[in-house]
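These are my notebook entries on a structure that I looked up element by element.

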Amino acid sequence: MNPYKILIIDDNQSVLRTLKLVLNGVFKTVVTVPDPQLIPALLQAGDVDVVLLDMNFDARKLDGEEGLFWLNRINEIPEAPAVVLITAFGDIDLAVRSVQQGAEDFITKPWDNQTLIQKLEAAITKHRAKQQTASMAAQAASLHDRIEADQQLSLEDLEKKHIIEVVDQEHGNLVNAAERLGISRQTLYNKLKKYDVLH
């Protein structure tokens, strides 16, 4: 059994029951709901790894637009889970659109149980890898911005910034800060006075 939590949304109760039976021994937690309006509340805790989302909730409208709407809503959530869409009215165009809009994969009803499980687990792995890459890119961009900002500072500004950071890290203990900076306490005191950071 994998350690993941899956949220399944489908308006067909027999589909929900079948999916729960199929996935219960595979996923640690299986939550099934018939109403997509509950999605924001169910994702609030941030503990869902993958959402298996039906594409049609209105029998009069079977174009998949509802599924795409809820896919976009899920993707607006910070640290959103992976999304795999499921429909009995799937076609290649809809599959391509759903993946372009952020779905990890697409499954048509009736499904093969083994393929379904493989696709769901692969979707989680792929989605996590993308999130990790995005996080690393954001960290790299932040570091780049800090380096750029530091390059605009004079040597005196850099020294002031460094001294203040060390004093803050030492919670204002000038003896420890001076030791870390490799200067005497008096020299540190003089520099703080010079930079007008003594309160």
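**Entry: backbone.** I located Pro110 in the loop between β5 and α5. The model is a predicted one, and in it the peptide bond leading from Lys109 into Pro110 is cis, with omega near -5°. I then turned to Glu79, which sits in the loop between α3 and β4. Its phi is near 55°, and I note this as a positive value in a residue other than glycine.

**Entry: sheet.** I traced an open sheet of five strands and wrote down the order β2-β1-β3-β4-β5, with parallel pairing. Which strands stand at the edges? I found β2 (27-33) and β5 (105-108) there; each has a single partner strand, so one side of each is left without a neighbour in the sheet. From one strand to the next, I recorded a twist that averages 20°.

I looked next at the pairing of β1 (residues 2-9) with β2, which is parallel and runs over six bridges. Within this region, I saw that Ile9 stands opposite Val33 in β2.

**Entry: helices on the sheet.** I checked helix α1 (residues 13-23) and found that it packs on the sheet, where it touches β1, β2 and β3 (50-54). Its direction makes about 175° with that of β2. Helix α3 (residues 65-75) also packs on the sheet, and I listed its contacts as β3 and β4 (82-87). For α3, I noted an angle of about 160° between its direction and that of β3.

**Entry: salt bridges.** How many salt bridges does a search of the whole structure find? I recorded 11. I examined one between the side chains of Asp47 and Lys5, at 3.0 Å from N to O. Asp47 belongs to the loop between α2 (39-43) and β3, while Lys5 belongs to strand β1, so I take this pair to tie together parts that are 42 residues apart in sequence.

**Entry: largest pocket.** I noted a volume of about 220 Å³ for the largest pocket. Its lining comprises 16 residues, and I marked Gly46, Val48, Glu79, Ala80 and Pro81 as those nearest its centre.

Notes. Residues are numbered from 1 along each chain as its sequence is written. This is a predicted model: local features need pLDDT of at least 70, side-chain atom pairs count only at pLDDT 80 or more; totals for chains, interfaces and linings use all residues. Side-chain values use heavy atoms; hydrogens and water are left out. On a 1 Å grid over the protein atoms alone, a cavity is a set of points where a 1.4 Å probe fits but cannot get out, and a pocket is an open set with protein on both sides within 12 Å along at least five of seven lines; lining residues have an atom within 4 Å of a point. Grid points are joined across faces, edges and corners, and a volume is the space filled by probe spheres set on the points. Two strands pair if DSSP finds at least two bridges between them. Helices (H or I, at least four residues) and strands (E, at least two) are DSSP runs, numbered from the N terminus. Axes are lines fitted to C-alpha atoms, for helices over the stretch in contact, and angles run from 0 to 180 degrees between N-to-C directions. Contact means heavy atoms within 4.5 Å. A salt bridge is a side-chain nitrogen of Lys or Arg within 4 Å of a carboxyl oxygen of Asp or Glu.
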